[in-house]
Each structure stands twice: as structure tokens, then as C-alpha cells.
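Got your viewer open and a selection tool ready? Load the model below and follow along, one stop after another.

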Amino acid sequence: MNYKKIMAMGLIVSTITMTSHMKLYASYDANAAVDYANRYAETPNNWDYHYFSGVDCTNFVSQCAIAGGATMRNKAPNCYLKRIVIKDDEAWYHLYDGYHYLATQSWTVVDEFYQYWKKHSGATYSANCTIEQLKLIVKKGDIIQCARGSKFSHSVICTGNSNSKNSYDLSKITLAYHSNNKKNITLSEFNNNFDKTNAVTYRIIRFK
């Protein structure tokens, strides 16, 4: 599916291609994902999930995805009395019994999350893009990942885009995220604060 819109002043922005895969589940409820994000952005859900202090951003967006209707895949039967994050390219899950956790890197790590959903069914994904391109296609419920230079190091969820058709005001696009636990942060504010020395590169994972 190709997304192409024309900016004000007649400038044409490069097309970003969202590559589709087969659906893993019937439908994804972006509103439910965002409701979860807004509820637990500032106060983590420690009852159901382990909190990775200082590095919780992808763990958080994975939780939002589950709340929206995504399903864990190839999960182990229990935590095996471990506290560990494992590498398993065919699995996406998090288990927690209040004391121990067992999770995959695809659940907790920025690039592994992207690579998992790029490889497996259930989501679409964008090419790398600038903020000017991002604002043309981002939707409520999208997972956005951000890079300083060439390294993607942060995952956030878009909690709203109140722009009218053909309007692309960055201050009307809002985000929620861990690890510093914020909600209702505008895309313009986030972009300005994420890296003050380099242009930020973005990409989207959109559940279907």
C-alpha cells in the first residue's frame, strides 16, 4: 500500500511504503491500545508485567499491542523461576508471576521488535522516514520507533492525531511512552527533545 500526499506550497513528499503481511488475528483495536497506553504510561502496570527500569519503552508498547488485540506467540508454559530475556526469533511473549519474568527480545528490545513484526504476520511496517514524512501517515495506535543517527533506540505509541484532512500540525499528534513515563507529549515536543544535535529518523509498525 502506498501513501502519498501533497504538502502545502505544492511540495511533494517522498512516498513511504507500508509492506503488508497476512493477518494474525481478525482486527486490531487502536482505541483499546491507546486506552491502555494512557492508563499506564505514567504509572506502569506492575501487576501483569515486569517493569524494566530505564529501558522499558518496547516492553510498554508490546503491552499496548496486546491490549489492542495482538496475541503472544510460541510462549513458554511458565517463568521457570527465571528472570531472563531470551532471544527467540519465532516468539513474542512476556510471562510474569509477580517475582520472576521470562520474555523475548522481540518483546523488550527496539530493533528485535521491529524485525519480528517485519518477518511475521499481523502488522505492516514503514521504511525509515523523516518527521515531515511521518506526520503525513501516522495514525492513532501506531508504534513509532526513533533513531539518533543510524541506531533505533526508542519505541513510543501514537495516542492521537487530531489533524483535519490535509492538515499536518505536529502539535496535534500525541505520544505516550516509557522509559521516562510520559503521555500527551506532542510529536513536535518529542522531536525537539529526543536529539538536539541530529535529525531524528522514524519508522512505524502498524497492527492490522
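**Stop one: helix H4**

Select residues 110-119, which make up helix H4, and pick out its buried residues: Val-110, Phe-113, Tyr-114, Tyr-116 and Trp-117. Look down the axis and you'll find them on the same side of H4, because they cover an arc of only 160° around it. Here's the general idea: an α-helix has 3.6 residues a turn, so residues three or four places apart point the same way. Keep in mind as you go that this is a predicted model.

**Stop two: Thr-108**

Now click on Thr-108, which sits in helix H3. Is Thr-108 buried or exposed? It's buried, with a relative accessible area of 12%. Zoom in on the side chain: one of its polar atoms lies 3.2 Å from the backbone oxygen of Thr-104.

**Stop three: the cysteines**

Finally, select Cys-129, Cys-146 and Cys-64. How many disulfides are there? The count is zero. For Cys-129, the closest cysteine sulfur is in Cys-146, but at 9.8 Å that's too far for a bond, since a disulfide needs the sulfur atoms within 2.5 Å. Cys-129 is buried, at 3% relative accessibility, and Cys-64 is buried too, at 0%.

Definitions and conventions
Residues numbered from 1 in each chain as written. Predicted model: local features only at pLDDT ≥ 70, side-chain atom pairs only at ≥ 80, totals over all residues. Heavy atoms only, no water. Buried < 20%, exposed > 50% of the residue type's maximum accessible area, 1.4 Å probe, protein only. Helix = DSSP H or I, 4+ residues; strand = E, 2+ residues; numbered from the N terminus. Arc of directions from axis to C-beta. Polar contact = N/O pair within 3.5 Å; in protein donor to acceptor, adjacent residues only side chain to side chain.
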